[in-house]
Amino acid sequence: MTATVIPAETGQDGAEDLRAFEAASRAWLDSRLPRRDAAEQAPKYSIFHNLGHEDERALIDGGRAWQAERVDAGFGAMTWAPQWGGRGLTASHERIYAGVEREYLTPERHENILVTVELVAPTLLELGSDWQQERFIRPFLRTDELCCQLFSEPGAGSDLAGLSTRAVRDGESWRVNGQKVWSSGAQFSEWGLLIARSDPAAPKHKGMTAFMVPMDLEGVEVRPIRQMSGGSTFNEVFLTDVVLPDEFRVGEVGDGWRVALTTLGFERQSSAGIVDAGGNTADLIRLATSLGLTGAAEVRGRIAESHLYERAQALLVARYAELEQAGAVPGVEGSIGKLVWTQNLKRVGDAAASFLGHRILADTGEADTFAWTQHLLGAPGYRIAGGSDEIQRNIIGERGLGLPREPR
Ligand SMILES: Cc1cc2nc3c(=O)[nH]c(=O)nc-3n(C[C@H](O)[C@H](O)[C@H](O)COP(=O)(O)OP(=O)(O)OC[C@H]3O[C@@H](n4cnc5c(N)ncnc54)[C@H](O)[C@@H]3O)c2cc1C
């Protein structure tokens with residue numbers, strides 16, 4: 001990400017700067033939001049939303065309004081250059097603000113907002129044309145408009161380069177036909193970032209091109225998919241004779257693989273940063289305490305293990321941010337962070353299920369029991385999204401450890 005970095009962490013001045021920044025963040029949040037510890041909050045174990053369409057839209061709208069307010073006050077896109085509405089601050093400032101913000105009751109941040117702000121906006125900053133950067137970056141950072149990711153297809157997920165949606169050039173425009181699937185938030189998005197095959201004769205990684213697609217264009221049809229957790233966050237998207245002007249092409253013709261890898265790199269980094277989605281060690285401790293199980297060695301062992309991995313996760317995220325701040329391009333850290341996070345989601349869910357035994361199975365109205373099924377039904381999703389656990393292990397083995405490539 002190109003950000004004007006001001007020295008902040010080294011030396012006396014840097015430390016003072018960070019302390020002053022923390023105080024300013026707290027003062028601003030104090031004037032806006034109630035503190036989390038002062039509010040009565042029901043525990044939340046779900047990982048995905050389980051809402052009707054209008055309720056989910058309302059939740060997204062609340063998140064958008066908060067994102068715009070943060071950006072306008074200088075706490076939203078703070079590592080971005082002033083040209084985009086940012087402050088050119090460092091990853092350390094961002095981390096400090098995130099820590100302070102967790103003390104307050106903020107509107108929930110929907111995945112659709114994360115995709116727009118943390119995946120698509122930085123991809124366009126790296127690979128978009130001047131026109132696209134002017135047109136999209138600021139509205140995306142403020143979430144005035146949302147963008148979904150139109151990558152996966154029924155026959156191409158892990159092997160994304162195997163996709164078959166076709167984009168055929170016709171003078172100054174392109175005609176697109178095909179089908180996408182698992183497109184999170186497509187029903188709420190104004191735009192989609194699409195990867196399509198533009199040259200079927202070229203080797204598969206070289207024959208793809210990326211485009212920005214207005215989701216209300218003729219020929220774009222969005223059909224929500226019902227998930228096993230009950231919600232319908234993701235969708236099938238059908239593209240039938242969709243005509244796109246060439247100025248919506250992102251990157252060079254045939255360079256769609258680079259666009260996809262750039263977005264997926266930001267996705268791993270972003271997923272690795274989610275540490276407390278729907279059930280964590282603190283919830284396990286509360287559960288074990290309420291069930292009177294804290295004396296059992298096995299229960300204590302499970303809680304200690306999940307705490308350890310949560311800490312490891314937080315340290316990995318911090319290390320990632322520091323590497324970036326030092327100007328290095330992080331390598332496999334994003335994959336390691338995502339893997340540790342998804343493994344811990346499973347660890348926490350399994351521990352809760354073992355503490356609860358048969359009480360997790362039926363909704364008797366008893367608090368903190370059946371509610372944990374929302375965690376168990378949602379956790380597998382993040383072990384697939386953004387590159388499955390198996391794929392992350394391949395990346396770590398091949399790129400991180402230098403193991404021979406798997407036979408393909
Ligand atoms: C919650 C969620 C949200 C999503 N949101 C979006 C979105 O917004 N936009 C979008 O485009 N897509 C989205 N996806 C799709 C996601 O990116 C794909 O599901 C994912 O890439 C896996 O692809 P697949 O489902 O085709 O599985 P497959 O590729 O068919 O894999 C099936 C199994 O085989 C394993 N496998 C495959 N290849 C290998 C290999 N080489 N080595 C070892 N194991 C392998 C996989 O790990 C997996 O366990 C989302 C998915 C989920 C679950």
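**Exercise 1. Which side chains meet in a salt bridge at 2.9 Å, N to O?** Find the pair in this predicted model, then work out where its two partners sit and how exposed they are.

*Solution.* 
- Step 1: Look for the pair. The side chains of R26 and E103 form this salt bridge, at 2.9 Å from N to O.
- Step 2: R26 belongs to helix α1 (residues 11–30), while E103 is in the loop between α3 (91–101) and α4 (111–127). The two are 77 residues apart, and the pair links distant parts of the chain.
- Step 3: R26 has a relative accessible area of 24%, so call R26 partly exposed. E103 also comes out as partly exposed, with a relative accessible area of 24%.
- Step 4: Look around the pair. R26 and E103 are part of a salt-bridge network that also has E22 and R35 in it.

**Exercise 2. Which parts of the chain does the pair D241 and R175 tie together?** Start with the contact itself, then go to the strands.

*Solution.* 
- Step 1: Check the contact. D241 and R175 meet through their side chains in a salt bridge of 3.8 Å, N to O.
- Step 2: Find the strands. Because D241 lies in strand β7 (residues 234–245) and R175 in strand β3 (residues 173–184), the pair ties together parts that are 66 residues apart in sequence.
- Step 3: D241 is partly exposed at 41% relative accessibility, and R175 is partly exposed at 35%.

**Exercise 3. At what angle do helix α9 and helix α11 pack?** Describe the packing, then list who touches whom.

*Solution.* 
- Step 1: Know what to report. Two packed helices are described by the angle between their axes and the distance between the axes.
- Step 2: Helix α9 (residues 333–356) and helix α11 (residues 389–400) pack at about 145°, and their axes are 9 Å apart.
- Step 3: The α9 and α11 crossing is left-handed.
- Step 4: List the contacts. From α9 come S335, I336, K338, L339, T342 and Q343, and they meet D389, Q392, R393, I395 and I396 of α11.
- Step 5: Sort those residues. The contact of α9 with α11 has four nonpolar, four polar and three charged residues.

Methods: Residues are numbered from 1 along each chain as its sequence is written. This is a predicted model: local features need pLDDT of at least 70, side-chain atom pairs count only at pLDDT 80 or more; totals for chains, interfaces and linings use all residues. Side-chain values use heavy atoms; hydrogens and water are left out. Axes are lines fitted to C-alpha atoms, for helices over the stretch in contact, and angles run from 0 to 180 degrees between N-to-C directions. Helices (H or I, at least four residues) and strands (E, at least two) are DSSP runs, numbered from the N terminus. A crossing is left-handed if the near helix is turned anticlockwise from the far one by less than a right angle, and right-handed if clockwise. Contact means heavy atoms within 4.5 Å. Ala, Val, Leu, Ile, Met, Phe, Trp, Tyr, Cys and Pro count as nonpolar, Asp, Glu, Lys and Arg as charged, and the others, Gly among them, as polar. A salt bridge is a side-chain nitrogen of Lys or Arg within 4 Å of a carboxyl oxygen of Asp or Glu. Buried means under 20% relative accessible area, exposed over 50%, partly exposed in between (1.4 Å probe, protein chains only).
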